[in-house]
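Here is a protein model to look through, with some questions about the terms used to describe it. Each answer sets a value against the rule behind the word.

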Amino acid sequence: RFLLWNKNLENVLGMGAEEIAAGHTIMLYAESDREAIRRATRQAFAEGAATTEAILVTRRGERIPYFISGLRIDIDGQQSVIGLGLDISERKRAETALRESETRFRSIFEKALNGIAFAGLDGTLIEANDSLAQLLGYARTELEGMNIGRFTHPDDLSIEAVFLDEMQRGLRDFYRMDKRYLTRLGHEVWVDLLVKLIRNERGEPVHVVGMVADITERKLAEQVIRDLEKQRKASKS
C-alpha cells in the first residue's frame, strides 16, 4: 500500500491523491511485470535495496517503461520501501532502434555478394562474411584471428601497411586501393578494397571495416588490352 508519494507520481499516473491512497503499488504495472516488482520488493526488504525495470500503466492507458530503484527505510518505526522511478522511454526507443539497425546490418553483412570483414588496426581479422571466405578459399572460422598479411600479395603489403599506420595515428579515416590476394591454393586474385576506420564514443580508432570486390576479370581484360596495344605498336615499328 502507498504511504507517501510526491506530486509527480500523481501527474504521471493521471490520478488524484485519494485514488492513489486507495490503490496498491503492484496494480500500477503491466501484468507481465508484476512478478518482477514483487521479487524486487522482497529483495529490498531482505537486502536493503533492489532494482528492476517494469512497464508503468497510467490511468490514460499509456504504457511507460520505468527503471525502479527500491530502498528499505523506516517511516515512523514501520519498515517500508521507497521506490524511485525513472522514465526510460528514450533509452528503450534507442535500444530498439539499435537492435533494428544491427539486424539490418547483419543481414547486409551475411548476404552481401562482396566480401566484408572487420579487423583490428594491426590488420588481424575479427570477423569475415561468407563472400570473402569463399573468395579466399578459407572457412570463416579459419579467417578469424588471421592477419591480412597471410593472404596479401607480398608486393602490396608495404603500401597497405602505410595506410594502416596512418589510421592508427589518426591521420586518415579510410583508404581505397586495388590489391592482390593469394587464395588458400595460391591463386592470385585482384580486388578493389575500401577500408573505413571505426572509432569509439570517445573518437578513438578501435578497428576497421573492409569491403572487397573481386576485379580479377577486369584486371585480366586490362592486361589483354595492354598486350594488344604493345603488339600493334611493335608491328608498326
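Q: Why is E142 called partly exposed?
A: E142 has a relative accessible area of 32%. Buried would need a value under 20% and exposed a value over 50%, so E142, at 32%, falls in between and is partly exposed. This is a predicted model, and the percentage is computed from its atoms.

Q: What makes the contact between E142 and R184 a salt bridge?
A: The rule asks for a side-chain nitrogen of Lys or Arg within 4 Å of a carboxyl oxygen of Asp or Glu. The N to O distance for E142 and R184 is 2.7 Å, so the pair passes. The two residues come from distant parts of the chain: E142 is in helix α6, R184 is in the loop between β6 and β7, and 42 residues separate them.

Q: How do you know whether R184 is buried, exposed or partly exposed?
A: Its relative accessibility is 46%.

Q: What makes E127 and R140 a salt bridge?
A: Their closest N and O atoms are 3.5 Å apart, which meets the limit of 4 Å. E127 belongs to strand β5 and R140 to helix α6 (residues 140-143), so the pair ties together parts 13 residues apart in sequence. E127 itself, at a relative accessible area of 21%, is partly exposed, because buried requires a value under 20%.

Q: Which residues form one network with E127 and R140?
A: R106, E110 and D130 join E127 and R140 in one network, through salt bridges that share partners.

Q: How do you know that E95 and K92 form a salt bridge, and how many residues apart are they in helix α4?
A: Their side chains meet at 3.7 Å, N to O, and this is within the 4 Å limit. E95 and K92 are three residues apart in helix α4 (residues 89-111), so about one helical turn lies between them. E95 is partly exposed at 27%, and K92 is also partly exposed, at 28%.

Q: How many salt bridges does the rule give?
A: The count comes to 27.

**A buried residue and a partly exposed one**

Q: Why is E160 called buried?
A: The relative accessible area of E160 is 4%. Buried means under 20%, so E160 is buried. E160 is placed in helix α7. Leaving aside residues up to four places away in sequence, E160 touches I148, T152, Y175, M177, K179 and L193.

Q: What makes the pairing of E160 with Y175 a polar contact?
A: The two side chains come to 2.5 Å, and a polar contact has N or O atoms within 3.5 Å.

Q: Is N11 buried or partly exposed?
A: N11, in helix α1 (residues 7-13), has a relative accessibility of 49% and counts as partly exposed. The limit for exposed is over 50%.

**The sheet and the whole protein**

Q: Which strands make up the open sheet, and in what order?
A: Five strands lie in the order β5-β4-β8-β7-β6, with antiparallel pairing.

Q: What makes β5 and β6 edge strands?
A: β5 (125-128) and β6 (174-182) each pair on one side only.

Q: How do you know that β4 pairs with β5?
A: Pairing takes at least two bridges. Three bridges join β4 (residues 115-120) to β5, so the antiparallel strands pair. Within them, A117 stands opposite A128.

Q: Which strands does helix α7 touch where it packs on the sheet?
A: Helix α7 (residues 154-168) touches β6, β7 (188-199) and β8 (205-214), and its direction makes about 150 degrees with that of β6. Helix α8 (residues 216-236) also packs on the sheet, touching β6, β7 and β8, at about 130 degrees to the direction of β7.

Q: How many helices and strands does the protein have?
A: There are eight helices and eight strands.

Q: Why is the protein called more spread out than a compact globule?
A: The globule rule gives 18 Å for 237 residues, and the radius of gyration is 31 Å, well over that value, so the protein is more spread out than a compact globule. Its C-alpha trace spans about 110 × 35 × 35 Å along the principal axes.

Notes: Residues numbered from 1 in each chain as written. Predicted model: local features only at pLDDT ≥ 70, side-chain atom pairs only at ≥ 80, totals over all residues. Heavy atoms only, no water. Helix = DSSP H or I, 4+ residues; strand = E, 2+ residues; numbered from the N terminus. Contact = heavy atoms within 4.5 Å. Axes fitted to C-alpha atoms, helices over the stretch in contact; angles between N-to-C directions. Buried < 20%, exposed > 50% of the residue type's maximum accessible area, 1.4 Å probe, protein only. Polar contact = N/O pair within 3.5 Å; in protein donor to acceptor, adjacent residues only side chain to side chain. Rg over C-alpha atoms; globule rule 2.2 N^0.38 Å.
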